[in-house]
Amino acid sequence: MQTISNYIDGQLVPAVSGGWLEDFEPAAGQAYARIPDSHKTDIDNAVAAARRTFPQWSATPAAERGEWLHRLATLVERDLEILARAESLDSGKPLAVARSVDIPRAAANLRFFAAAASQFASESHAMESGAINYTLRSPLGVVGCISPWNLPLYLFTWKLAPALAAGNCVVAKPSELTPMTAYLFSKLCIEAGLPAGVLNVVHGLGPKAGALLVEHPEVKAISFTGGTKTGANIASHAAPKFKKLSLELGGKNPTLVFADCDFERTVAESLRAAFSNQGEICLCGSRIFIERSLYARFRDEFVKRAQALRLGDPLDEQTEQGALVSEPHLQKVLGYLDLARKEGGKVLCGGRRANLNGRCAKGWFVEPTVIENLPPDCRTNQEEIFGPVVTLIPFDSEEQAIAWANGTPYGLAASLWSRDVSRCHRIAARLEAGLIWVNCWMLRDLRVPMGGVKQSGTGREGGWEAMRFFTEARNVCIKYE
Ligand code: NAD
C-alpha cells in the first residue's frame with residue numbers, strides 16, 4: 001500500500017485528522033494506495049501558506065516565474081516513464097496513451113505557460129478626445145484549481161501553469177480517483193526547490209475538501225473541470241461570493257460524416273474520437289451522424305475496426321483499450337447499455353463488461369460498443385455516458401444533421417467530415433459547440449480558446465484566455481491637454 005501525502009507549504013503532510021481514503025487500481029479492481037481525507041484545517045493551512053507566499057511570488061519577475069515552470073517541465077520529461085506508468089496504474093488508461101498523450105502534454109502545458117508568463121501584455125486604447133487608457137493586469141491572489149480523473153496530470157498542469165505564470169499562488173485539489181501523478185508532481189516541486197506555498201496540493205473528497213476550497217473566503221477564483229452537475233453546484237456556492245469562475249464541464253459531442261468525406265481518414269479518426277481513453281475524454285465524439293448514402297459502408301467498416309481494438313491490461317504495450325476508472329463508473333456505463341437496449345437500440349458490437357484473466361480478473365473493463373437504431377432525442381443520445389459507447393445515426397440533409405448535432409443540452413465539441421469547403425464553413429458557423437474540428441479531431445493548439453457553450457461550461461482556458469482569467473483587469477484613463 002503506497003501512501004500519498006498532501007503538499008502544503010512546501011512539505012509532504014498527512015491530513016490533520018489522520019483520516020485516509022483508498023485509491024484503487026482500476027485494472028485490478030483493488031485498492032493499492034491511500035490518500036489523505038482532507039478537511040477544513042488542511043484547506044485552511046494550504047490557503048494560509050499560499051497567502052503568505054503571494055506577495056513574494058507575485059513580485060517575482062514574470063520571466064523568473066517562467067523559469068520555474070520550465071524547470072518543472074524538465075523534471076516531468078525526465079520522469080516520463082515513471083509518471084506514465086503511475087498514470088496508467090491509477091486511472092486504468094493504456095500505458096501507451098499516458099506515455100504519448102498525458103505526460104508529454106503535461107510538460108507542454110508547463111512550457112507553454114512558462115513562455116506566456118513573459119509574453120503576456122495588456123491593452124492600451126487611445127481616445128480621439130485626448131486621453132489614453134491602459135489596462136493593468138494583476139494576479140488575483142490565492143486561486144483554487146479543481147481537476148478531474150480522466151486526464152489527471154494533463155488537466156492538473158493545464159490549470160496550475162497559467163495560474164502560476166500570472167503570479168497567483170495555487171491550492172489544487174486533484175480528483176480523489178486519480179491522485180497519484182499530482183502527488184509525484186508535488187515531489188518534483190520539492191526537488192526543483194519551488195518556494196514553499198507557491199503551489200499546494202490537497203487531496204480528498206470533492207464534496208468535502210473540494211467544496212471547502214470553493215467556499216474559502218480567501219480563494220479569489222476557481223478553475224474547475226469536471227461534471228456538469230458538480231459545476232452547477234460549485235457555481236451556486238461561488239457566485240454569491242463573487243469569485244471568478246471558469247467551468248469546463250461535460251459533453252455529448254457529435255461527429256458529422258458526409259458522403260464526400262475522405263472515407264479512410266474519417267473512419268480512422270472517428271474511431272479514435274469515439275474510443276480514445278475508453279471514451280473517457282470530454283471531447284470524445286459519442287454520437288456519429290452519417291449521411292444516409294454512406295451509412296451502411298461506414299457502419300460496417302467502423303464496427304469491424306471497433307471489434308479489432310485490443311482491450312487488455314493497461315500496462316501491456318499493445319493495449320488500446322484499458323479499464324474504466326472506478327466501479328461506480330463501470331456500473332453507470334453498464335446501466336446506459338441496458339437503457340440503450342430498452343430504448344430499442346441494436347448493439348452492433350460490444351455491449352458488455354469484458355472479463356479478463358490474471359491480475360486483471362477483477363478489473364473494470366467494458367467492450368467498445370457501437371449501437372444503432374436509436375432516435376437522436378432518446379436518453380442514450382442525450383446524456384453523457386463517458387465510456388466506450390458510441391451511437392450511429394443516418395441523416396438525410398444538412399439541416400437535419402445540424403439540428404440533431406445541436407439538439408442536446410451540451411455544447412463542448414463537434415467534428416465535421418467533408419471535402420466540400422463551403423459546406424464545412426457553413427456548418428461550422430452554425431454548430432453550438434466551443435470547439436469545432438473539420439477533417440480532424442482533438443488537434444490541439446494551446447493558444448486557442450478552449451471551453452464549452454450551453455451546459456458544457458462557461459469561461460475559456462488556453463492561451464491568453466487563461467492568463468486573462470487568472471488576472472484582474474483595472475483600467476487607468478489619463479486625460480492630456
Ligand atoms: P466530477 O465533477 O465528479 O469531479 C471533478 C473534480 O471536482 C474532482 O476533483 C472532484 O473531487 C471535485 N468535486 C466533486 N464534487 C465537488 C464539490 N461539490 N465541490 C468542489 N469540488 C468537487 O467529475 P469527474 O467525474 O472527475 O470528471 C468527469 C467529468 O469531467 C465528465 O463530465 C467530463 O466531461 C468532464 N470533463 C470536462 C472537460 C472539459 O474540458 N470540458 C475535460 C475533462 C473532463
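**Notebook: the ligand shell**

I looked up which element gives the most to the shell around the ligand, and H7 does so, with 4 residues. Helices (H or I, at least four residues) and strands (E, at least two) are DSSP runs numbered from the N terminus. I note that this is a predicted model, in which local features need pLDDT of at least 70, side-chain atom pairs count only at pLDDT 80 or more, and totals for linings use all residues. Residues are numbered from 1 along each chain, and side-chain values use heavy atoms, without hydrogens and water.

I then listed the surroundings: 29 residues surround the ligand, and Trp-149, Lys-173, Glu-176, Thr-230 and Glu-384 are the closest. Being near requires a heavy atom within 4 Å.

I checked polar contacts (N or O pairs within 3.5 Å). A ligand oxygen lies 2.7 Å from a side-chain N or O atom of Trp-149. For Thr-230, a polar side-chain atom is 2.6 Å from a ligand oxygen. For Glu-384, the distance between a side-chain N or O atom and a ligand oxygen is 2.6 Å.

I recorded that the ligand alone exposes 850 Å², of which the protein buries 89%; areas follow Shrake-Rupley with a 1.4 Å probe.

Besides helix H7 (206–215), strand E11 (219–225) and helix H8 (228–238) give two or more residues to the shell. Domain 1 (2–249 + 456–478) and domain 2 (253–446) each supply at least three, under an automatic or database assignment.

How values were computed
Polar contact = N/O pair within 3.5 Å; in protein donor to acceptor, adjacent residues only side chain to side chain.
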